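Here are my notes on this model. Please keep the structure open while you read them.

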Amino acid sequence: MLCVQLTIFTWTTIKHRRTSEDLEVTPAMLKDFQEAGYVVVRNMLSAPEVEKLKREFEENDEFKKHTFNINDGEHAKMMQVCWNYPGNDVSGMVARSEKYAGTCEKLMGGEIYHYHSKVMKKEALSGGRICWHQDYGYWYKSGNLFPDMINIFTALDPCTRENGCLQVLEGSHKCGRIDHAPVGGQVGADLERVEQLLKKLEHHYVEMQPGDAIIFHCNLLHVSSKNTSPHRRWAFANAYNMARNNSVVDHHHPKYNKLHKVPNSAILECQNTDLSGKGFLDNTKADWYDPEAEKDE
Ligand SMILES: O=C(O)CCC(=O)C(=O)O
C-alpha cells in the first residue's frame, strides 16, 4: 500500500509564525531570514524520517568510531561526529534533499555545495556547553572570503532549555564577523562584544521537537548550555557554502564539489548503509584538535 504523508511545514522566527503546505521559500520567508538571520521550520523532517536517521546514527558503528569530544572549559564535554561529503546513506539523502539543499539555495540566492555535516551529541546530565560564536568566526579562517554560508540544525531529540537547546541573538548576523579567540577548550566570539549585543538584540531559546530545524546565516551569534536534564539532546547539522565562495585555501573541509540534489522521497526510500566516501573528520588532524578533550576527568 502506498502511504502518502502530507506534511504541514510551519516556518517561523520566534516573532513571526507562518504556515505553508509545502516548504516553499516565499518572499516573506526570505525577508524573515534576511532580517532575523534565521528561520525555524517545524516538521522539516517527518517522524519516520527522524526515526530512520536517528537509527542510522545510533546503530551504524562508523558514526560511533569517528565520534570525538569537545571540551567546554567547565568540566563537561560534548560529543561530535563530522564528515565532509554527504554520501549515499540516509544522512546524505537528507543533506542533498530538495528541502535541505534546495531551500538553502533559495535562501542564499545561488548554487551551494556541502561543506560538512555533523551530529552534535549532548548526553543526559553531562553534555557540555558550546560558547557564543558565529560559524563564520571559524570558517573565515579557512579561506572562505565571504559570509555566504548557511547551516541547518535539525532536532533529533526534543531540544529544550534544560537539555541545551540552541540560543540565538536575533539580527546579530548584521554585525559582520566578530573576532574569535580560544575560550576553555573551544573558540568563541569576543565576549565584551557579545555582552554589548545582548543589550541591544533579542536573545531567544530555540526549543524544538524532533524533526524541527533552524536554518541560520553563518554570522548569526549562537550558543548552547550544558545538558542538565536526564534527557539526551542529539541534533544533526548541515553546513553549506556557496559555489561562488569556494575557499581559497586547503583546509579540513572541502572545496567546491557539485552537490547532487535528490527529491525528498529519497530520504525514506534510501536503503544504503555504506558510508564509504563520506570523509569523516580525523579530529587529530584538524586545527582545533584539543588532546585534553579526549582525557577522562
Ligand atoms: O549543538 C549545539 O549545541 C551547538 C551547535 C553549533 O553551535 C553549531 O553547529 O555551530
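1. Which residue in E5 is the bridge partner of Ile70? Met78 is. Strand E4 (residues 68-71) and E5 run antiparallel and are joined by 4 bridges. Strands here are DSSP runs of E, at least two residues long, numbered from the N terminus. Two strands pair if DSSP finds at least two bridges between them.

2. A word on the source. This is a predicted model: local features need pLDDT of at least 70, side-chain atom pairs count only at pLDDT 80 or more, and totals for chains, interfaces and linings use all residues. Residues are numbered from 1 along each chain as its sequence is written.

3. The hairpin of E4 and E5 has 5 residues between the strands. Gly73 takes a positive phi there, near 75°.

4. Strand E5 (residues 77-83) is largely enclosed by the rest of the structure, because 5 of its 7 residues are buried (20 or more other C-beta atoms within 10 Å of a residue's own, with C-beta atoms placed from the backbone). On to its other pairing: 5 bridges join E5 to strand E6 (residues 112-122), again antiparallel. Trp83 stands opposite Ser117 in E6.

5. Now the open sheet. Its 4 strands have the order E7-E14-E9-E12, with antiparallel pairing. Strands E7 (130-133) and E12 (203-206) stand at the edges, each with a single partner strand, so one side of each lacks a neighbour in the sheet. E7 and strand E14 (residues 222-224) share 2 bridges. His133 has His222 in E14 as its bridge partner.

6. Last, the ligand. E14 and strand E15 (233-242) each supply at least two residues of the shell around it.

Key. Buried ≥ 20, exposed ≤ 12 C-beta atoms within 10 Å, placed from the backbone.
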